[in-house]
Amino acid sequence: MDKRKIILDCDPGHDDAVAIMMAARHPKLELLGITTVNGNQTLEKTTRNALNVCQYLGIDVPVCKGMDRPMVRPALPVEERVHGESGLDGPVFPPLTKQLDPRHAVDFIIETVLASDTNVTLVPTGPLSNIGMAIRKEPKILEKIDEIVLMGGAYQHGNVTPAAEFNIIDDAEAAYVVFTCGRPVVMMGLDLTRQALCYPSVVERMSKNDNPAGKLFTDLMKFFCMTQKKTFGWEGGPLHDPTCVAYLIDPTCIETKEMYTEIDITGGPSHGRTNCDFFNLMTDKPRNSKVCVKLDVEKFWNIVEECIKLYN
Ligand SMILES: [Ca+2]
């Protein structure tokens with residue numbers, strides 16, 4: 001079976017780090033590269049975190065630094081309450097020697113997609129600035145993009161405003177470009193990712209895997225669970241970004257619903273909202289997205305553990 005070629009575009013981030021771990025070794029996936037974006041933390045920090053995760057796990061793919069701000073508006077403040085001062089507090093990494101790839105993320109995405117012999121799936125787990133820019137800079141990439149499987153948005157309630165989720169509102173214009181690009185979008189919104197709750201019992205289970213991935217997962221999630229409890233009063237933190245990779249490995253772990261989704265870029269109180277036509281009221285509009293609605297929680301954690309075991 002051909003491996004599915006993917007580019008992971010991220011802002012690590014605890015959940016991004018787990019997504020990197022899962023994407024790098026699974027036999028169904030071929031990770032062509034990792035691109036970084038400003039989001040959970042500044043671009044400098046998210047890039048350093050991506051390099052640290054790759055070095056720690058021995059992941060040998062290009063890491064390219066991308067957009068340090070959204071396409072149009074100023075960036076939102078970074079989220080130190082949840083991810084800590086470094087953006088990836090918890091694990092202690094050895095001195096960093098892995099080198100950054102000199103290409104800009106936007107150019108790396110364009111070059112890699114155009115050069116690939118088969119189509120590529122883009123997997124953004126941060127604000128969509130790099131993907132939006134790549135699509136605008138070189139629209140020819142569109143015909144070679146299979147799908148864009150992203151974490152962001154919500155068909156119900158947001159987490160930055162009542163209407164909007166962080167990855168989308170941080171660069172709503174870029175999200176608008178992505179959702180109107182004509183390629184299928186699979187959206188892991190908060191409605192779905194809030195079902196992927198990493199309770200202490202999950203951390204306990206994964207910690208039994210005595211390898212670098214098990215150790216990294218445990219160090220990351222102990223910190224993440226602690227800040228989720230302190231910030232929101234939740235026992236288990238939602239492991240947002242890994243749902244994208246789990247879906248690529250086994251789509252049957254997530255129930256989706258095809259619908260029209262429009263990004264609000266009006267600058268009003270609902271700016272950055274993913275307006276998902278859940279009941280198919282706007283029948284003249286294209287069903288441009290598969291919105292994820294239900295997670296098979298048991299299957300999901302089995303996939304995460306399967307990925308951890310690949311580092312034995
Ligand atoms: Ca992220």
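Along the chain, the donors of the calcium ion follow the spacing D-x4-D-x108-T-x115-D. The structure is a predicted model, in which local features need pLDDT of at least 70 and side-chain atom pairs count only at pLDDT 80 or more, whereas totals for chains, interfaces and linings use all residues. Residues are numbered from 1 along each chain as its sequence is written, and side-chain values use heavy atoms, with hydrogens and water left out.

The protein donors of the calcium ion are D11 (OD), D16 (OD), D16 (OD), T125 (O) and D241 (OD), which lie 2.2 to 2.5 Å from the ion. Donors are defined as N, O and S atoms within 2.8 Å of the metal (3.2 Å for Na, K and Ca); water is not among the atoms, so sites may look incomplete. Within this set, D16 and T125 link distant parts of the chain, being 109 residues apart: D16 belongs to helix α1 (residues 14-25), and T125 to the loop between β4 (120-124) and α5 (129-137). Helices (H or I, at least four residues) and strands (E, at least two) are DSSP runs numbered from the N terminus. D16 counts as buried because its relative accessibility is 0%, and T125 is likewise buried, with a relative accessible area of 1%. Buried denotes under 20% relative accessible area, exposed over 50%, and partly exposed the range in between (1.4 Å probe, protein chains only).

Strand β1 (residues 4-10) is mostly covered, six of its seven residues being buried. Parallel pairing joins β1 to strand β2 (residues 29-36) over seven bridges and β1 to β4 over five bridges; two strands pair if DSSP finds at least two bridges between them. In these pairings, L8 stands opposite I34 in β2 and opposite V123 in β4. Together, β1, α1 and β2 make a right-handed β-α-β unit. A crossover is right-handed if, with the strands pointing away from the viewer, the path from the first strand over the helix to the second runs clockwise.

A search of the whole structure finds zero disulfides, a disulfide being a pair of cysteine sulfur atoms within 2.5 Å. For C225, which is in no disulfide, the nearest cysteine sulfur is that of C198, 4.6 Å away. C225 is buried, with a relative accessible area of 9%. C292 is also in no disulfide, and the nearest cysteine sulfur, that of C244, is 8.0 Å away. The relative accessible area of C292 is 0%, so this residue is buried.
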